[in-house]
Amino acid sequence: MTTLDTLAEAGTTDRTAQGLGTSARRPDGRPKVRGQFAFSSDLEAKDMLWGQLLRSPHPSATIRHIDVSGAWRIPGVVSVLTADDVPGRSSYGLDYPDQPVFASDVARYAGEPVAAVAADHPVTARRAAEAIVVDYEVREPLTDSEAALTAEPIHPLGNELYRQTIRRGDPAATGVVSVEGHYETGMQDQAFMGPESGLAVPAADGGVDLYIATQWLHVDQDQIAACLGLPLDLVRVHLAGVGGAFGAREDLSMQVQLCLLALRSGRPVKIVYSREESFHGHVHRHPARMWYRHTADATGRLVSVEARILFDGGAYLSSSTAVTLNAACFANGPYKVPNAFVDCTAVRTNNPPCGAMRGFGAVQVCFAHEAQMDKLAAALSIDPVELRLLNAYAPGDELIIGQVLTGTAPVAEVIRACAAAPLPPGSPDTVPELALPGGAGRTAERRRVRRGVGFAVGFKNLMFSAGFDDYSTARCRLEDGQVTITTAAVEVGQGLVTLIQQIARDVLGVDEVALGEAATVGIGSAGSTSASRQSWMTGGAVDSACRTVRERLLSSIAQRFEVPRTGLELASGRVVSADGSFNVSLSEAAAGEVLEETAVFRHPGTAELDENGQGDAHVSFAFAAHRAVVDVDLDLGLVKVVEVATVQDVGRVLNPVQLLGQLEGGISQGVGFAVMEEIVLDKGKVRNPSFTDYIIPTALDMPPVRVEALIEQPEPGSPLGAKGAGEPPSISSTAAVVAAIRNATGLELARTPVRPQDIALALAGQPSEWAGEAPATPSPAKEAMP
Amino acid sequence: MEQLSTEGSLLSYTLRVNGRDRPVSDALIEENLLYVLRERLGLRGSKNACEQGECGACSVILDGRLECACTVLAASAVGREVVTVEGLTPDGDGLSDLQEAFLAEGAVQCGFCTPGLVVSVHDLLSRNPHPTELEIREAISGNLCRCTGYGRILAAVKVAEEMHQP
């Protein structure tokens, strides 16, 4: 077990070592701190035009006519496009192409692209877009997820996007103690800092080069090429600097429209979304309505769980399939239960499309299953931590999908270590005024501030699941002793580029490792930078490619220098024999030699779930526990999160400082989702598309994170022994913070984010605003038993 | 509308940026300082994350005061001293102590907020060389970061602050 002290030490003392396990510095850090790193919004090209999309202001409307003549009349306008100009497939989508490039006959959400223009100045482009007249017949939007199940379909493919049912065990089984609850989670935004942007450059061969911030270059290429009606090799997608992603760049944003503008105008075109457009231009975290019933025996052992989970998927499919699958699989959290009946559905509405965000599916159900665990502990008068330990998964246990945990599963370890963390010193009576709820506003009356503590545990799958052919490709090239690694894997800020260098340094014994361009040109897919998968997948491919190059190199050197191959090693830029008699610099030993190896790494295959939701759908799982401490102003309902302590199951620490950055960053998004972050919709329209109104944690809101321990149990099958660490910090941190607010206030608080009015009104005896919105009729899967 | 591209609505002026006179010609009057710095003067260290003065990614120092370049009309900055992140960065490949601390402590992930934070923390340390943690948190609370949760940024500021111990 790694303690906080050893982590901090690794992060601050050893500045020279650069291999795995060290806090090697990121290779893009120097240009980033100097302000010279080229993000996608920083690109320019000769004769470049600026593109602008026109979006539907209506969540539901029939488009009767589009008159673009007003745009053409504006000097400086070079290209104007609508759906009629899309030469290939008219729609796109990650899983299934159900989303139009341009709405033509129907607009299904407020913010859906209808037309695009390119002009010589961004202001001209904006005004030209505004000069396009769209004749809409506005319709009543379908905005209620419950109503969507029975409403008239708003898309030819219907309103049910995906449904996952799990039926396991005896539907009649029941324990002596039963707890039940309705829960709701709001719509969260990824709110990355670098807005969507890209530059498309038409090429002489009739193709296009696109420089874009994305999460998966090759899947973008597939979708763009289909819509442009071009062969894949004429659509070359290059990674431009990515200003954060968190799931929001998995779907296409302006890729197709931007390429079309460039091809039509014959000039490079750049689009940079404003922040407001960014809120309309990417998917959000699915809001969920959930109903749960748990039963347990008198000692607290879980006997059964029934759950109904309803996701609002918004207008288009995006990744609703995987979100629904995850939510169903992880609906009960990391706890053993022999009887499970789960019905999870994502529906189509006229709300903004929802898709991937850090921890998807697992975040929503964690909020509910952890509230249920606390309710059950209260009903049994058992300590909530003890109840969790009693039911915690261990290696060899079966998930509710019947899959056996064959890898590491240190659930009890993360719970015990996190619960044992000392509480932060001080109290609401002693904290500085600025650190009270309300902060700089100094609204709190100190004697009306209460401290609370909450605990939550969560888990999630790593990598792509349910039969997906998930792989990554990497190339190692050694030329005259100089190592270059090339992959199409996307660096979004997490530090994969650092890790790739660390791996190559370890395997090849060199200090300098160059990185090739990430693009769809000349290298195969690396898969998506999502699902906490790149350290494992691209890490595995890089490791494999480097090892093959090392073997070939050492064999070649043994032959050419007539030394025994056995015992020959690469270290510190030299080639050394076991007895030390041969000791030559790599540049000398490998002079004139060019070795290149491309490796494809696949994780073991997974299976789709059967009709009862049973099957070995996942590769590996990561677990994490969070304990939150909060101060709550009982009168104004304001919350100050004082500290979040955590213990995470990481397999092996590859870069302590970068890992810490994932934990702190993931927790800040979890804290935000607990107390401030929500996209507010009014009849399908986003009411707060700005950083003035969509609030994310600032340095004053974000509490210190106490990484009490990291559980290092190398994961079998993981090429480096590590588990992905991107998502677990976001999964149970929200639930822990809300549990702490419940602890401070005594309120049920069944909805996140917790708004001031949810606390202040409830404590004043006023009805909760959202009561009655949750699914009124629980219809658990067991009623649908065959 | 039609007047947009005519000479009448275009302005030419000179800005004083990082100690140098930088002529700007034929700019639209509504262009803000961020746009002119980035698109006309090629100073792309100042970033465009919210364009309404909420995120601090475009922080610059204007006549000694920390400002968001996106909320300043470029033409109104004539006659004022503008300092951008490029003006706080050593020539060549060098780093300031603060930039070095950001790199060493892992304060950089995606890096989009980083230049604005470098400007903002530079401003803090020049006013208050030895801030408390709460003072640091307050000073950078106008700089949004979505990746780091601020922990490593605070660590970097503390390291930079210690470098300047008397």
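1. Starting with the contact between the chains: in this predicted model, chain A puts 57 residues into it and chain B puts in 47. On the chain A side, the elements giving two or more residues are helix 2 (29-34), helix 4 (122-130) and helix 16 (656-675). Helix 16 of chain A gives the most, at eight residues.

2. A word on the make-up of that side of chain A. The residues touching chain B split into 25 nonpolar, 22 polar and ten charged.

3. Now chain B on its own. Chain B comes in two domains, with domain 1 covering 2-85 and domain 2 covering 97-163. Between their C-alpha centres there are 24 Å.

4. The two domains of chain B do touch: 13 residues of domain 1 are in contact with eleven of domain 2. On the domain 1 side, strand 3 of chain B (residues 59-62) supplies the largest share, three residues. By type, this side of domain 1 has eight nonpolar residues, four polar and one charged.

5. On confidence, chain A averages a pLDDT of 95, and 95% of its residues score at least 70. One stretch to flag is residues 8-16 of chain A, where the pLDDT is below 50. The model still gives this stretch ten contacts beyond near neighbours in sequence.

6. I'd also flag residues 771-776 of chain A, where pLDDT stays under 50. How many contacts beyond four places in sequence does the model have for residues 771-776 of chain A? There are eleven.

Methods. Residues are numbered from 1 along each chain as its sequence is written. Chains are lettered from A and ligands numbered from 1 in the order in which they are written. This is a predicted model: local features need pLDDT of at least 70, side-chain atom pairs count only at pLDDT 80 or more; totals for chains, interfaces and linings use all residues. Domain bounds come from an automatic or database domain assignment. Two residues are in contact if their C-beta atoms, placed from the backbone, lie within 7 Å. Helices (H or I, at least four residues) and strands (E, at least two) are DSSP runs, numbered from the N terminus. Ala, Val, Leu, Ile, Met, Phe, Trp, Tyr, Cys and Pro count as nonpolar, Asp, Glu, Lys and Arg as charged, and the others, Gly among them, as polar. pLDDT is the predictor's confidence in each residue, from 0 to 100.
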